[in-house]
Amino acid sequence: MNNALIIGQYVPGDSLVHRLDPRTKITIIFFFVFIVFLANNIASYTLLTVFALASMLTSRVPIRFIIKGLTPVWFLIVFTFILHLFVTKEGTVIAEFWIFEFYSGGLIQGIAISVRFFLLILVTSLLTLTTTPIEITDAIEDMLHPLNRFKFPVHELALMMSISLRFIPTLLQETDKISRAQASRGVDFKTGPVKDRIQAIVPLLVPLFVSAFKRAEELAMAMEARGYQGGEGRTKLRELKIERNDIFIFILFAFVIAGLFMTRTYG
Amino acid sequence: MDITFENVTYIYQQNTPFAHKAIQDLSFHIESGSIVAIIGHTGSGKSTLIQHLNGLSVPTEGEVRIGEYRLSQEHKPKDMKELRSRVGVVFQYPEHQLFEETVAKDIAFGPQNFGVPEAVIKERIKDVIPAVGLSESVLERSPFDLSGGQMRRVAIAGVLAVKPDVLVLDEPTAGLDPRGQKEIMDMFYRLHNEQDLTTVLVTHSMEDALKYADRILILNKGTKFMEGTPEEVFSQKEALQSVQLDVPEMVQFLNRFEEKFGQQIPFRNQSVEEIAQMIQQIIKELNQDE
Ligand SMILES: Nc1ncnc2c1ncn2[C@@H]1O[C@H](COP(=O)(O)OP(=O)(O)OP(=O)(O)O)[C@@H](O)[C@H]1O
Ligand SMILES: [Mg+2]
């Protein structure tokens, strides 16, 4: 398994961020995503950046791991920055190069958008880095619960999510195993013309699908054998509980929001 | 082909919080033409080890030499195809690698990738099918319609059709019925002798290791725990038990015999018949004494 992208990967730990109720984390991130778009000057951006970086440090996920894991995203951030630098024609000219003129407005907007982007990615990946998929699903099921009244299949949706999440690592492992087996039989996934490489996918996909279907069938059978019959009246092994830490974080976050409204410029 | 491991360490997912050292500072040598059994408790690094034999994994530290091929961090050959055509690997549950429409096509897949001419492949299929104990009637069937045991045999046939010099077997009989297990192991043994192969066998069965191997390598938590001939290894019952391994039934029997009758029969990898004769001899002597 290669780890080019860490979004969606859980790093076990026992930090404050890990121990927060998943609903707390999801709610805060939900609002964070909105307020990032309200920041519009140095003070407000600094405030949000400090909050995000502080959460990252508190989570005790190795920083090197986060930085390396976000490699593809870095590329995107740099790309947006450069695009703004070239395209935006506001403010005063600060530099000239060949036929290009760079404006102060472009520089500022480039930085602002990049920071915004970085904050969004950092905070959302922090959620998956510190919360197990099962916790996330439980939280979503719990938060969508009111929709039940409108005949929205909340439990089924959550079940589908947790099953998919549960099987992603399994499928990745399986892919790894089968591609090793086929590589041993002379398939070359890494070099050669594109056409050959695309063809090389068939010996990988067919066994993968066969085993995925087999697993699905076995799982359905096992669930039925253990008397699964939908969400009605089902109790939970893991109860979600809001604790002191969660309340503390909510209050802290309320201050961040208040601070944001105080520091941002209006008009 | 001679195989040498020199201070090999392998780390999965290096430089991440998930880094895991699966093999540590492992050195050993496998002589060309021999059968070596690799034994170890689950998770001891056996499968990781054998992935170094055809370049699927390159050592994080140290060096692996297979014939004239060298694998290390400083020396990573770009094209592993030739190495892979000379080292055939039968993975744990190899039936998971089947994908073609017919059995014949699936067996032909490996040789085709390695550039064997079609006419030669046809010949080879004719040879390997009976060798793995299948009949020609399966050739045009879909591999997915076969029983588990038959699928296993097709997958093995696909590896044999490449005609490797080194055969690497990762628990080739796991999950088969006892008779199928014996058939398949006997088949590998016959092929080994007929085609002068070098065979590396990963197994949980002490009986197989005793019966087929020239040398045994025991792994424990990614390091070499013991190495030697079956006689040397299996005479150290306590050491083996300390890493959750048993000794073969034969050795157990001899130990119990000694406990009960106070007569020692040294273990030299004798056959059941030989042991029976020795016991007869001892009983005769005891009777004469009286
Ligand atoms: N792709 C991987 N990523 C991370 N760790 C792995 C990976 N594959 C194996 N490991 C770890 O490496 C160690 C050795 O695994 P390996 O598969 O070599 O064991 P094994 O001796 O073959 O066991 P078994 O008898 O169960 O087949 C195990 O602890 C395993 O968890
Ligand atoms: Mg294994």
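**Figure 1. The loop of Tyr93(B).** In this predicted model, Tyr93(B) sits in the loop between strand S6 (87-90) and helix H3 (103-113) of chain B. Helices (H or I, at least four residues) and strands (E, at least two) are DSSP runs, numbered from the N terminus. Tyr93(B) is not a glycine, yet its phi is positive, at about 50 degrees. Is this residue buried, partly exposed or exposed? Tyr93(B) is partly exposed, with a relative accessible area of 39%. The classes are buried under 20% relative accessible area, exposed over 50% and partly exposed in between, with a 1.4 Å probe and protein chains only.

Residues are numbered from 1 along each chain as its sequence is written, while chains are lettered from A and ligands numbered from 1 in the order in which they are written. As the model is predicted, local features need pLDDT of at least 70 and side-chain atom pairs count only at pLDDT 80 or more, while totals for chains, interfaces and linings use all residues; side-chain values use heavy atoms, leaving out hydrogens and water.

**Figure 2. Glu95(B) in the S6-H3 loop.** Glu95(B) is placed in the loop between S6 and H3 of chain B. Its relative accessibility is 12%, so Glu95(B) counts as buried. Which residues does Glu95(B) contact, leaving aside its neighbours within four places in sequence? They are Met151(B), Arg152(B) and Ala155(B). Contact means heavy atoms within 4.5 Å.

**Figure 3. Gln13(B) between two strands.** The loop between strand S1 (3-12) and S2 of chain B holds Gln13(B). Phi of Gln13(B) is near 50 degrees, a positive value in a residue other than glycine. Gln13(B) is partly exposed, at 26% relative accessible area.

**Figure 4. The shell around ligand 1.** How many residues surround ligand 1? The shell has 14, and the closest are Thr42(B), Gly43(B), Lys46(B), Ser47(B) and Thr48(B). A residue is near a molecule or strand if one of its heavy atoms lies within 4 Å of it. The shell divides into two nonpolar, ten polar and two charged residues. Here Ala, Val, Leu, Ile, Met, Phe, Trp, Tyr, Cys and Pro are nonpolar, Asp, Glu, Lys and Arg are charged, and the others, Gly among them, are polar.

**Figure 5. Polar contacts of ligand 1.** A polar backbone atom of Gly43(B) is 2.9 Å from an oxygen atom of ligand 1. For Ser44(B), a backbone N or O atom lies 3.2 Å from an oxygen atom of the ligand. Gln92(B) uses a side chain: one of its polar side-chain atoms is 2.9 Å from an oxygen atom of ligand 1. A polar contact is a pair of N or O atoms within 3.5 Å; within protein, one must be able to donate a hydrogen and the other to accept it, and residues adjacent in sequence count only if both atoms are side-chain atoms.

**Figure 6. Cover over ligand 1, and its sources.** On its own, ligand 1 has 640 Å² of accessible area, and the protein covers 69% of it. Areas come from the Shrake-Rupley method with a 1.4 Å probe; for residues, only the protein chains shown count as cover. Which elements give two or more residues to the shell? They are strand S2 (20-30) and helix H1 (46-50) of chain B. H1(B) gives the most, with three residues.

**Figure 7. Chain B as the setting.** Chain B has eleven helices and ten strands. Its C-alpha atoms fill a box of roughly 75 × 50 × 35 Å along the principal axes. Of its 290 residues, 51% are buried. The accessible surface comes to about 14,100 Å², and carbon and sulfur atoms hold 46% of that. Among contacts between residues at least 6 apart in sequence, 62% join residues at least 24 apart.

**Figure 8. Arg166(A) and the fold of chain A.** Arg166(A) is in helix H8 (residues 154-184) of chain A. With a relative accessible area of 48%, Arg166(A) is partly exposed. Lys151(A) is 15 residues from Arg166(A) along the chain, and their C-alpha atoms are 26 Å apart. Chain A comes to eleven helices and two strands. In sequence order the pattern is α-α-α-α-α-β-β-α-α-α-α-α-α. The radius of gyration of chain A is 24 Å, whereas a compact globule of 267 residues would have one near 18 Å. That radius is taken over C-alpha atoms, and the globule rule is 2.2 Å times the number of residues to the power 0.38. In chain A, 36% of the 267 residues count as buried.
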